[in-house]
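Subject: Handover of a structure and notes on it

Dear colleague,

Please find below the structure that I am handing over to you.

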Amino acid sequence: MVAMAYPKTWTGSEEVDNDLLLVERALDGELPAFEQLVSRYQNRITAYAARMLNDHDEAEDVAQEAFIKAYRSLDSFRGASSFSTWLYRIATNLCIDRARKRKRSPQQAYSLDEPFDKDEDKGGRDVPDLTAEPSRGVERDELRQQVRLTVAEMPDKLRQVLVMCDIQGMAYEQIAQVLDCPIGTVKSRLFHARADLARRLRPYMHGVK
Amino acid sequence: MKKLHTDDMMAYVDGTLDPTRLAQVEAYLEHNAEDAAMLAEMKMALGALHEWDEAEPVRVSENFWPELRDKLPAAPPQRSWLRGTASQLGSWLWPSKSPLRLSARVAAVAVFVALLASFFAPKNATRPTIARDLTPADQAFIQQSMARHDAYVTSQSLGGGSTLLRSGDGRDADGDGDDSDADAEDYIP
């Protein structure tokens, strides 16, 4: 069979159509077709998982697991939604599973008052100070750290929509399909996520453009 | 102006309001400092979010695919016989690179469907068809009813009435108002 040439970028329905074509070819046993699907979505899925789990290594594991599940269940993909939507749903479920496992086996607890390194006794743990005087001016690194912390501590349902919409640039409709909920629910969660982010970053925003 | 709807707030932050609505929202915000401050903070927070994402981009490692390939099952994913048949039929009908071949196939299918339709069509399919053993009174009643029905359907079609009465309108077959086909759901593994 003659391999088809694919342009480097795809947009809209053309991308969806070609995903379907690649799925069909993968079902015919063409591994390179599946490799193209992986290549197309590996960064997006890994980035999504990384923002959801706040752990890059675990995110790669989740992304790999998502692709393996997709490969094994490729025949059940009927094209009712786009391949990317289907993949995001798989990845979302995996992230939820990982989060549950974390809760069941929590990491070692520590006191914020306790020194970080007992042997060296270098002092207290470095925690972002939400009550810091804004007029001092806040370093951008500290702001980024606070953004990371806020996103990581957000409830799963709010984080999902924030990451998909405001980081990954997905449309409300696609997010609604991924999460299998009405668009109104997506908008409502996103509003609360943005409001939460703004509230938590407020002490750090003054003096930052 | 009454309190802003969440949709308007979101669209304002997203920058997707049309000029007319944007002017209305901005006029509202001029007189509602609390909402104006909240939306300004939201915009700044989203700016910080984007800056963080750009400063700490996530990219997969170079051996992502080799590692994944080793974990994939040796056998290719199984294709159900139904999908296989549909795929073969589809590949016969649609992927042709030659427009002429495609046209010929479409024409062949059209001829086949026409032959099939003529084979199964009733010999005397012209309306009105009324059983011969009915009494003249019954026949008259049925004819009258059919005429009334035709008139009703015609009036509905012209007047924009219920689409369900329009012949040939196959939309929303499952009757749930969303034109969806419940059987076409993708299974999430």
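Chain B has seven helices and zero strands; here helices (H or I, at least four residues) and strands (E, at least two) are DSSP runs, numbered from the N terminus. Along the sequence, chain B therefore reads α-α-α-α-α-α-α. Please note that this is a predicted model, in which local features need pLDDT of at least 70 and side-chain atom pairs count only at pLDDT 80 or more, while totals for chains, interfaces and linings use all residues. Residues are numbered from 1 along each chain as its sequence is written, and chains are lettered from A and ligands numbered from 1 in the order in which they are written.

Of the 189 residues in chain B, 9% are buried. A residue is buried if 20 or more other C-beta atoms lie within 10 Å of its own, exposed if 12 or fewer, and partly exposed in between, with C-beta atoms placed from the backbone. Two residues are in contact if their C-beta atoms, placed in that way, lie within 7 Å. Among contacts in chain B between residues at least 6 apart in sequence, 27% join residues at least 24 apart.

The contact between the chains takes 50 residues from chain A and 40 residues from chain B. On the side of chain A that touches chain B, the elements that give two or more residues include α1 (12-27), α3 (56-72) and α5 (140-153). The most comes from α8(A), with eleven residues.

I turn next to the nonpolar core, a set of buried Ala, Val, Leu, Ile, Met, Phe, Trp, Tyr and Cys residues joined through C-beta atoms within 7 Å. The largest one has 66 residues, and among those touching the most other members are A:Ala49, A:Val62, A:Leu87 and A:Ala91. Helix α2 (residues 31-53) of chain A gives the most to this core, with eleven residues. Leaving aside neighbours within four places in sequence, A:Ala91 is in contact with A:Ile45, A:Tyr48, A:Ala49, A:Val62, A:Ala63 and A:Ala66.

Which residues of helix α7 (residues 172-179) of chain A are buried? They are A:Ile175, A:Gln177 and A:Val178. These residues lie on the same side of α7(A) because they cover an arc of only 160° around the axis, the arc being that of the directions from the helix axis to the C-beta atoms. Their cover includes α4 (83-104), α6 (156-167) and α8 (183-205) of chain A.

Helices α6(A) and α7(A) pack at an angle of about 140°, with their axes 10 Å apart. Axes are lines fitted to C-alpha atoms, for helices over the stretch in contact, and angles run from 0 to 180 degrees between N-to-C directions. The two helices are therefore oblique to each other; angles under 35 degrees count as roughly parallel, over 145 as roughly antiparallel, 65 to 115 as roughly perpendicular and the rest as oblique. A:Gln160, A:Val161, A:Met164 and A:Cys165 of α6(A) make the contact with A:Ile175, A:Val178 and A:Leu179 of α7(A).

Finally, two residues deserve a note on phi. Most residues other than glycine have a negative phi. A:Asp180, in the loop between α7 and α8 of chain A, has a positive phi near 55° and is exposed, with 12 other C-beta atoms within 10 Å. A:Asn54, in the loop between α2 and α3 of chain A, has a positive phi of about 55° and is partly exposed, with 15 other C-beta atoms within 10 Å.

Yours sincerely
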